[in-house]
Amino acid sequence: MMRFPLIKPLLVTALLVTGTAQAAPDAREVLAVSPVDDIVARYPAMMSQGIREGLKQNGQLPPMVANTIGNIVSSGFNSVDIEQQIITDLQAQLTDEQLQAVSEWYRTPVARKISSAEIAASAPEAWPQIQASAPELNRKYKGTPKAEMFDRFDRAARATESAVDTTIAVQLGLATAMSALSSESMHYEQLERRIENQRGMLRGVVGQQVYDSYLYTYDKVSAQELALYLEFLESPAGKQFSQVVTSSIQQAIMEPVESIGRQISRFMAPPAGSE
């Protein structure tokens, strides 16, 4: 985690000095000029906080137990592994021309402004602010061009879709591991059906959360600047970049879920010999 503030400025400086006369940037360099690596660095804390708050709101576990499970989740995800998965997939699935186009976009003033806003909004401590400001921002932007751009943004960034898919996958992985503790243990297929049946409800809840985050994140970004961002996201290079990044993150998040579930199961299991 400490390597992010040290390595990224060096890579960005190198890109600015060498200019476009050099060969097309590789995936690691592209990630360095995008906000993705900074946001991924916060994923363990984001996942931990989300699960911790969900357990507390559910009310079935004491806060201390919910916090402990949140810590288990945080320690189970490694931001360096997630970043490496993204780099590997970007290098394999984007052409040199697409990597160059993505790099050029993220070095523009508009992209740097938007990236800074996205990084700030991804901090776990920003979520209470997003929730608190949601009613006011919803009223402020109702019927405005920025509000009308959301559907385009959501489709291009796959924001709601990927969030719902990840939520369901994580729930299924953890529920499968935890089901061994239940007296009403269910087979994987039953768990899958039960959780998948929640997709419609989750889409509504997550969709509103994504919209609230969108308004908060881009509050200081003009409609004209946001339109330029959408043009990038909808371009062949931007679309491929977004698709690869979101699918890579989902894959990297799912890999440790089974192990995390086993750790939670051991923590929740009653002491040997107790009934």
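**Exercise 1.** Is Ser115 buried or exposed, and what is its relative accessible area?

*Solution.* The model is predicted; local features need pLDDT of at least 70, side-chain atom pairs count only at pLDDT 80 or more, and totals for chains, interfaces and linings use all residues. Residues are numbered from 1 along each chain as its sequence is written, and side-chain values use heavy atoms, with hydrogens and water left out.

Step 1. Buried means under 20% relative accessible area, exposed over 50%, and partly exposed in between (1.4 Å probe, protein chains only).
Step 2. Ser115 has a relative accessible area of 7%, so this residue is buried.
Step 3. Ser115 lies in helix α8 (residues 109-121); helices are DSSP runs of H or I with at least four residues, strands are runs of E with at least two, and both are numbered from the N terminus.
Step 4. With neighbours within four places in sequence set aside, Ser115 is in contact with Pro35 and Tyr106, where contact means heavy atoms within 4.5 Å.

**Exercise 2.** Describe the protein as a whole by its elements, burial and contacts.

*Solution.*
Step 1. The protein has 17 helices and 0 strands.
Step 2. Of its 275 residues, 44% count as buried.
Step 3. Among contacts with a separation of 6 or more, 82% join residues 24 or more positions apart.

**Exercise 3.** How do the axes of helices α9 and α14 cross, and which residues meet?

*Solution.*
Step 1. Axes are lines fitted to C-alpha atoms, for helices over the stretch in contact, and angles run from 0 to 180 degrees between N-to-C directions.
Step 2. The axes of α9 (residues 127-141) and α14 (residues 199-217) come within 8 Å and cross at roughly 80°.
Step 3. Therefore α9 is roughly perpendicular to α14; angles under 35 degrees count as roughly parallel, over 145 as roughly antiparallel, 65 to 115 as roughly perpendicular and the rest as oblique.
Step 4. The residues that meet include Trp127, Ile130 and Leu137 in α9, and Tyr211, Leu215 and Tyr216 in α14.
Step 5. This contact of α9 with α14 divides into 8 nonpolar, 6 polar and 1 charged residues. Here Ala, Val, Leu, Ile, Met, Phe, Trp, Tyr, Cys and Pro count as nonpolar, Asp, Glu, Lys and Arg as charged, and the others, Gly among them, as polar.

**Exercise 4.** Which residues touch the most other members of the largest nonpolar core?

*Solution.*
Step 1. A nonpolar core is a set of buried Ala, Val, Leu, Ile, Met, Phe, Trp, Tyr and Cys residues joined through side-chain atoms within 4.5 Å.
Step 2. In the largest core, of 52 residues, those touching the most other members are Ile86, Leu90, Phe153, Tyr214, Tyr229 and Phe241.
Step 3. Helix α16 (residues 236-254) supplies the largest share of this core, 7 residues.
Step 4. Phe241 touches Val30, Ser34, Val36, Leu90, Leu94, Val102 and Tyr106, residues up to four places away in sequence not being counted.

**Exercise 5.** At roughly what angle do the axes of α6 and α16 cross?

*Solution.*
Step 1. The axes of α6 (residues 79-93) and α16 come within 9 Å and cross at roughly 140°.
Step 2. Therefore α6 is oblique to α16.
Step 3. Among the residues that meet are Ile86 and Leu90 in α6, and Phe241 and Val244 in α16.
Step 4. By class, this contact of α6 with α16 has 9 nonpolar, 5 polar and 1 charged residues.
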